[in-house]
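Student: I am new to this structure. Please take me through one part of it closely, helix by helix and contact by contact.

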Amino acid sequence: MGRCPFVLERYYRELLNFCLRKVRDRDTAADLAQESYARVLGMQRAGKVIDQPAALLKQVALNAKIDLDRRAQLRQHEDIDALDETQQPASPQRLQPEAAYASSQNVQAYLATIEALPPRCREAFCMYLFDELSNQQIAERMGVSISMVNQYISRGKIACAARKQELDHGD
């Protein structure tokens, strides 16, 4: 292995003192300094040119401290299963059983509305909605005019809008 472009050892004492001021624990500071050296050496071995080794070591040490703090914070949390049911965080609304069921019911209602469209209208509307084809592409595939495709899509949109209004008002 070739000689390093800079001698990292010359920065050790300065880095250790820097880390000690950040964490106020000699063992943790030594761990941060060692981690910083390992990361910088990895960068150096990967071919990165290091112009300001002292500054880079300090920045890497700060990043290592942030990582250390995050890991410590994760370990401080109680086991979620050990929490009382009232203390457990609620899952997002979309994951609540009632919301999932209502959403499923709405999807079924929309699909039934689309299924009830006349066959050619349903075909055009499905290509528009699910296949995301342009009106021109739909017209070419179906062998009809763009005007006819516009009418089919409009009819599908109106049917879905009416269903939405029914669902929103509980009719």
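Tutor: Start with a crossing: α5 passes α6 in a right-handed crossing. Keep in mind that this is a predicted model. Helix α5 covers residues 119-129. Its axis and that of α6 come within 10 Å and cross at roughly 140°. The two helices α5 and α6 are therefore oblique to each other; an angle counts as roughly antiparallel only when it is over 145 degrees.

Now look at who touches whom. From α5 come Arg-120, Glu-123, Ala-124, Met-127 and Tyr-128. From α6 come Asn-135, Ile-138, Arg-141 and Met-142. Sorted by class, the contact of α5 with α6 has 5 nonpolar residues, 1 polar and 3 charged.

Next, follow the chain onward. Helix α6 takes in residues 135-142, and helix α7 takes in residues 146-169. These two pack with their axes 9 Å apart, at an angle of about 110°. So α6 and α7 are roughly perpendicular to each other; the range for that word is 65 to 115 degrees.

On the α6 side of this second contact sit Asn-135, Gln-136, Ile-138, Ala-139 and Met-142. They meet Ile-146, Val-149, Asn-150, Tyr-152 and Ile-153 of α7. The classes here are 7 nonpolar and 3 polar, with no charged residues. Asn-135, Ile-138 and Met-142 take part in both contacts of α6.

Pro-118 is in the loop between α4 (97-115) and α5. Its relative accessibility is 28%, so Pro-118 counts as partly exposed. Find Tyr-152 again, one of the α7 residues that meet α6. Pro-118 and Tyr-152 are 34 residues apart along the chain. Their C-alpha atoms are separated by 9.2 Å.

One last stop, elsewhere in the chain. The whole structure holds 2 aromatic pairs. One of them joins Tyr-12 and Tyr-37. Their ring centres are 5.9 Å apart, with 40° between the planes, and the pair is tilted. Tyr-12 lies in helix α1 (residues 12-23), and Tyr-37 lies in helix α2 (residues 26-45), so the pair ties together parts that are 25 residues apart in sequence. Check the exposure of each ring's residue. Tyr-12 has 32% relative accessibility, so this residue counts as partly exposed. Tyr-37 has 11%, so that residue counts as buried.

Definitions and conventions:
Residues numbered from 1 in each chain as written. Predicted model: local features only at pLDDT ≥ 70, side-chain atom pairs only at ≥ 80, totals over all residues. Heavy atoms only, no water. Axes fitted to C-alpha atoms, helices over the stretch in contact; angles between N-to-C directions. Helix = DSSP H or I, 4+ residues; strand = E, 2+ residues; numbered from the N terminus. Parallel < 35°, antiparallel > 145°, perpendicular 65-115°, else oblique. Contact = heavy atoms within 4.5 Å. Nonpolar A, V, L, I, M, F, W, Y, C, P; charged D, E, K, R; others polar. Left-handed = near helix turned anticlockwise from the far one by under 90°. Phe/Tyr/Trp six-rings, centres within 6.5 Å; stacked < 30°, edge-to-face > 60°. Buried < 20%, exposed > 50% of the residue type's maximum accessible area, 1.4 Å probe, protein only.
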